[in-house]
Amino acid sequence: MATKGVNPFAMAQAQFDKVAAILDLDEATRELLRWPLREYSFAIPVRMDDGRTKVFRGFRVQHNDARGPAKGGIRFHPQETLDTVRALATWMTWKCAVVDIPLGGGKGGVICDPHNLSQREQEQICRGWVRQLARNVGPLQDVPAPDVMTSAQHMLWMLDEYERIHGGHFPGFITGKPVGAGGSQGRTEATGYGVVYTIREALKLLGLDAAKTTASVQGFGNVSQYAIRLYQQLGGTVTCCSSWDQGDQTSYAFRKKDGIDVDQLVAISDRFGGIDKAKAKDLGYEVLPGDAWIEEPVDILIPAALENQVRGDNVEKIQPTVKLIAEGANGPTTPEADQVIHRRGIYMIPDFLANAGGVTCSYFEQVQSNLNFYWEKQEVLTKLDTAMTSAFKAVSELAEKRKLYMRDAAYVISINRVAQACHDRGWV
Ligand code: NAD
């Protein structure tokens, strides 16, 4: 994905190296965990609507599956790169380990821009992706899910292709399916809600009343919208959110000091979470340059768009009012910015902990699909809250006990669990 200067995989490896040193990991385990176990890079030829054939590039990276089948989303993005997929697959390994679910880390992608593709063309990309990988993915090997610019519809096309190839029903092959077609209740809300479960616990530790806090959010997609909804249910006020403007090829922030209205903004957004500027202005929102979300004088910042958004060049714009950052996106903070946040004593809920609600619910979906027995929404959300809260507590208690930065504490727990599984299997 487009990154301003920082390669996300180099960033993921640097984060790992720092904690491998804290843990004094042996050389072989370090070498094994710094790199993916397996990588697939392949071509997907698609007959376009105008009759031409276009060749897209697809990826799947399985970083580690010592604790269970690889798990991770598939992203459609014009700036997708193998290194981004490697980084995201690595983070998935740590994410599944921190919430202690029996899954490993994987990630996939296709270099394409769904803004410029018809539904039929997107369906062909989905089916082509599965055809290339049908023997290397599956309920017992590697279980994909949606990510940026992919949806329940894409998952169902992929499932259909997988089932055609293997001749049977395999709903546990993929998660994020539509409810009623093997999907789990609560999956749509899961990541955003999970972010807020961890915020709720952090606010308790910080001695803050959620109802008296304010927040600013980057992005207005799946994660962002549901995080805002639940945070508002706790009584908090979101003064600002932002989104990508496809026409102008830049981002904008939308501010309303007494609180944004999610339903109102959803009604004027496209299906990719891009908010219509003119309509937002008519509704009384201030439309500001994209980075304005980070400069808001709020208590909480929630980057929930993409990686590399809080960087050396903008981290100093974070106001002294900010006490907590909850990373809804994967890899939103560069190591340089992270040092500044650490030094300033801002409480950090790192990405692979904060946004683990999505994969936790995907795991619940897989369990339900494999059993062919589906749970009520409240049951799913209660289980999700329990899993996220206990993962948060384990990390925050370790951080407190060993005086570690929250990101490092989360890494210590995850890397220890994965390293242990690799040792127990006799891999290293
Ligand atoms: P999405 O495609 O639904 O939404 C992305 C949002 O970010 C859109 O509103 C888009 O306009 C906005 N955006 C894109 N570029 C931007 C920019 N430069 N500045 C401001 N806004 C920008 O994606 P999502 O599913 O909400 O995922 C967001 C992040 O959360 C990604 O990093 C993703 O990997 C991560 N994540 C998602 C899930 C999930 O279950 N959806 C789970 C874990 C992590």
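## Overall form and aromatic pairs of a predicted model

The chain contains 14 helices and twelve strands, which are DSSP runs (H or I of at least four residues for helices, E of at least two for strands) numbered from the N terminus. Its radius of gyration is 20 Å, close to the 22 Å that the globule rule gives for 428 residues, so the chain is as compact as a globular protein of that length. That radius is taken over C-alpha atoms, and the rule is 2.2 Å times the number of residues to the power 0.38.

This is a predicted model, in which local features need pLDDT of at least 70 and side-chain atom pairs count only at pLDDT 80 or more, while totals for chains, interfaces and linings use all residues. Residues are numbered from 1 along each chain as its sequence is written, and side-chain values use heavy atoms, without hydrogens and water.

Of the 428 residues, 59% count as buried (under 20% relative accessible area; exposed is over 50%, partly exposed in between; 1.4 Å probe, protein chains only).

The structure holds twelve aromatic pairs: rings of Phe, Tyr and Trp (its six-membered ring) with centres within 6.5 Å, stacked if the planes are under 30 degrees apart, edge-to-face if over 60 and tilted otherwise. Two of them involve Phe364.

| Pair | Centre to centre | Between planes | Class |
|---|---|---|---|
| Tyr363 and Phe364 | 6.0 Å | 40° | tilted |
| Phe364 and Trp375 | 5.8 Å | 55° | tilted |

Phe364 lies in helix H12 (residues 357-371) and Trp375 in the loop between H12 and helix H13 (377-402), eleven residues apart. Phe364 is buried at 8% relative accessibility, as is Trp375 at 14%, whereas Tyr363 is partly exposed at 23%. Elsewhere, Phe16, Trp94, Phe352 and Tyr411 form one aromatic cluster.
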